[in-house]
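Open the structure in your viewer and keep the selection panel at hand. The tour goes one selection at a time.

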Amino acid sequence: MRHVSLSRLIRAFAWTGLTSLGGGRSAYFHDQVVVRRPWLTNREFAQDFTLSQILPGPNSSNLGVVIGYRLAGGRGATVAALALLLPGALALLALTIVYFKFGLTPDARPFLRGMGAAVVGLVAMACARLALDVVRTPGAAVVALITFAAVGPLHVNTGLAILLALGVALLLRRRGVGWPAADAEGSPG
Amino acid sequence: MIDLAWLAWTFLWLSFLAVGGGLGVLPEMQRQVTSFGWVTAQQFVDGYSLAQLTPGPNMLVAIFVGYHAHGLLGAAVAGAAMFLPASVVAALAARYRDRLRQLRWAQALEQSLLPIGVGLMAAGTYTLTRSAVHDWLTAAIAVAAFAVLWRGVLPPIAVVVLGGVVGWLAGA
């Protein structure tokens, strides 16, 4: 566990909570805690991201909680979740009241389409940054590709795909194939 | 009162179904909330649009449903049921991981999980691309957003809103 002060944590996460529009929240986190602040390395971010994907529950809040815990313990997790969720919750509540009281019908489709496309660029960029930093050995590249193919185009159940890829990873490591036993990748955070 | 309990219970188990991204759970959520009569199918679609228009997780749509079913109390109950228990589980997992990290085999496991995280993120990017890029306009927006963000001149929110404006202008 690291020690980032709660007020700085609140600022970073409230900003993410206020600005994370249009899906792909993980990329907004990456921007805040890896790119703009030296709080997490890409490797640590990849660890937290994986954990948040394995856990049940809404992914992005899971990721916020896990990162918050890493940075400032239980209080960090609590503060992170609140700062992350409250701005959006209040904004949505306001829109909800307007919707049911005044019958405003949102035809935001063209706007959402453009926004969704821009988010693709955002997520692709965070993913590229992460991959360039974390995937440094042929073995790691193979494992990343297997995971991608299984969960992406092949639509294998996520939990099953992770188990499969993990099996391959452990095997490659044990045999020292494409994954130097004396890990050149540094120690885990 | 009983209806509030149902509201809490429904969003609680729906939240735990949302493994690996909330999109998978949407059809089931729509089925549940309309079968209880909390909102109509059309209202749910509109509510999801509103959730996409506001920052934060789209699963906040629980608040929309809760509000229509039971007013402010319903909104609070549904939102808490969606996020609180799952967040507690996530915090416990993070805590347990901190302890495990001292062990050698856990370190090997964590190292092995790293490229898997990258693969998962790539898969998420793929899924998002499939659902959001369907013509040259959306493809151009995605590529332009990538290029601008790579250079780091604008924060993500500015790029995403710009993308929305371009889509809106082109769609009008």
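What radius of gyration does chain B have, and what would a compact globule of 172 residues have? Select chain B to begin. Its radius of gyration is 20 Å, while a compact globule with 172 residues would come out near 16 Å.

Colour chain B by pLDDT: the average is 88, and 96% of the residues reach at least 70. Where pLDDT is low, the predicted coordinates should not be read in detail.

**Chain B by secondary structure**

Switch to a cartoon view of chain B. There are 7 helices and 0 strands, and the pattern along the sequence reads α-α-α-α-α-α-α.

**Helices 3 and 4 of chain B**

Two packed helices are described by the angle between their axes and the distance between the axes. Select residues 41-53 of chain B, which form helix 3, and residues 61-100 of chain B, which form helix 4. Their axes lie 8 Å apart, and the packing angle is about 135°. At that angle, helix 3 of chain B counts as oblique to helix 4 of chain B. The crossing of these two helices of chain B is right-handed.

Now show side chains. On helix 3 of chain B, pick Gln43(B), Gly47(B), Tyr48(B), Leu50(B) and Ala51(B). They meet Val61(B), Phe64(B), Val65(B) and His68(B) on helix 4 of chain B. This contact between helix 3 and helix 4 of chain B has 6 nonpolar residues, 3 polar ones and no charged ones.

Move on to helix 6 and helix 7 of chain B.

Helix 6 of chain B brings Leu137(B), Ile141(B), Ala145(B), Val148(B) and Leu149(B) to the contact. Among the residues from helix 7 of chain B are Pro156(B), Val159(B) and Gly163(B). By class, this contact of helix 6 with helix 7 of chain B has 9 nonpolar, 2 polar and no charged residues.

**A pair in chain A**

Select residues 42-54 of chain A for helix 3 and residues 59-102 of chain A for helix 4. Their axes come within 8 Å and cross at roughly 135°. That angle makes helix 3 of chain A oblique to helix 4 of chain A. Among the residues making the contact are Asp48(A) and Phe49(A) of helix 3 of chain A, and Asn59(A) and Arg70(A) of helix 4 of chain A. The contact of helix 3 with helix 4 of chain A has 5 nonpolar, 4 polar and 2 charged residues.

**Where the chains meet**

Finally, display both chains. How many residues does each chain give to the contact? Chain B gives 86 residues and chain A gives 94 residues. On the side of chain B that touches chain A, the largest share, 23 residues, comes from helix 5 of chain B. That side of chain B has 54 nonpolar, 26 polar and 6 charged residues.

Key: Residues are numbered from 1 along each chain as its sequence is written. Chains are lettered from A and ligands numbered from 1 in the order in which they are written. This is a predicted model: local features need pLDDT of at least 70, side-chain atom pairs count only at pLDDT 80 or more; totals for chains, interfaces and linings use all residues. pLDDT is the predictor's confidence in each residue, from 0 to 100. Axes are lines fitted to C-alpha atoms, for helices over the stretch in contact, and angles run from 0 to 180 degrees between N-to-C directions. Helices (H or I, at least four residues) and strands (E, at least two) are DSSP runs, numbered from the N terminus. Angles under 35 degrees count as roughly parallel, over 145 as roughly antiparallel, 65 to 115 as roughly perpendicular and the rest as oblique. A crossing is left-handed if the near helix is turned anticlockwise from the far one by less than a right angle, and right-handed if clockwise. Two residues are in contact if their C-beta atoms, placed from the backbone, lie within 7 Å. Ala, Val, Leu, Ile, Met, Phe, Trp, Tyr, Cys and Pro count as nonpolar, Asp, Glu, Lys and Arg as charged, and the others, Gly among them, as polar. The radius of gyration is taken over C-alpha atoms; the globule rule is 2.2 Å times the number of residues to the power 0.38.
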